[in-house]
Amino acid sequence: MVSAQAPSTYYNSANGLTGQPLKAALHNIIKGHTSITYAQLWTAFWSTDNKGNGIVWDMYSDKPNGTPPYVYHLGQDQCGSYSNEGSCYNREHSFPQSWFNNDGTAKTDLHHIFPTDGYVNGKRSNNAYGEVGSASWTSRNGSKLGTCKTPGFSGTAFEPIDEYKGDFARAIMYMSVRYYTEDSNWGSSDTTTK
């Protein structure tokens, strides 16, 4: 396993800042990431989402401390179409493409893209993440789709299991910071504002 740590001065320009100045400083620190192609995401998952032995770390099917209902193998079970849950895995944009008008850089930004079950990804669609009060559908690992119970939004939301909520929250925050001031042509969604 490879481990890296930022140089001790990496965040110096953000020290002591809050609000918009902090967001701008963080944006300037991270905006120069290396872009890859959409096809290269499949290969990148070998480093970013490999549970070991080539098993895909799928946050929409995994059951931490339990037995997942199915597993996928990197390079073998990838797809673009599916028939039901457990068919194959694809590339989930935690910040849906429709929210950023399929912008090329964001479309392949590995910091918010995860390998997930294709069927569950399709069920999530471009709905916001949120706490579901009344579920209309539940995946085999317990992720839910249904009416959001979070105050301020009453539309349809997708709720991953508790163990992975932080991963998705970090991805959404990353997108907000990384593309700060670069998102003027992006659309709006239930979790974005202009």
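This is a predicted model: local features need pLDDT of at least 70, side-chain atom pairs count only at pLDDT 80 or more; totals for chains, interfaces and linings use all residues.
Student: What describes a pair of aromatic rings?

Tutor: Two quantities describe such a pair: the distance of the centres and the angle of the planes. In this structure, a search of the whole model finds 17 aromatic pairs. One of them joins Trp42 and Phe45, with 6.3 Å centre to centre and 85° between the planes, an edge-to-face arrangement.

Student: Where do Trp42 and Phe45 lie?

Tutor: Helix α2, residues 40–48, holds both Trp42 and Phe45. The two are 3 residues apart, about one turn of the helix. Trp42 and Phe45 are both buried.

Student: Why is the pair of Tyr70 and Tyr72 called tilted?

Tutor: The ring centres of Tyr70 and Tyr72 are 5.4 Å apart and the planes stand at 50°. An angle under 30 degrees would count as stacked and one over 60 as edge-to-face, so the rest are tilted. The pair of Tyr70 and Tyr72 is therefore tilted.

Student: Are Tyr70 and Tyr72 buried or exposed?

Tutor: Buried means under 20% relative accessible area. Tyr70 has a relative accessibility of 10% and therefore counts as buried. Tyr72 is buried as well, with a relative accessible area of 3%.

Student: Which residues form one aromatic cluster?

Tutor: The cluster consists of Trp42, Phe45, Tyr70, Tyr72 and Tyr89.

Student: Which lysines lie over the face of a ring?

Tutor: Two cases may be examined here. Lys51 lies over the face of Trp57, 5.7 Å from the ring centre. Lys107 lies over the face of Tyr38, at 4.8 Å from the ring centre.

Notes. Residues are numbered from 1 along each chain as its sequence is written. Side-chain values use heavy atoms; hydrogens and water are left out. Rings of Phe, Tyr and Trp (its six-membered ring) pair if their centres lie within 6.5 Å; planes under 30 degrees apart count as stacked, over 60 as edge-to-face and the rest as tilted. Helices (H or I, at least four residues) and strands (E, at least two) are DSSP runs, numbered from the N terminus. Buried means under 20% relative accessible area, exposed over 50%, partly exposed in between (1.4 Å probe, protein chains only). A charge sits over a ring if NZ of Lys or CZ of Arg is within 6 Å of the ring centre and within 35 degrees of the ring normal.
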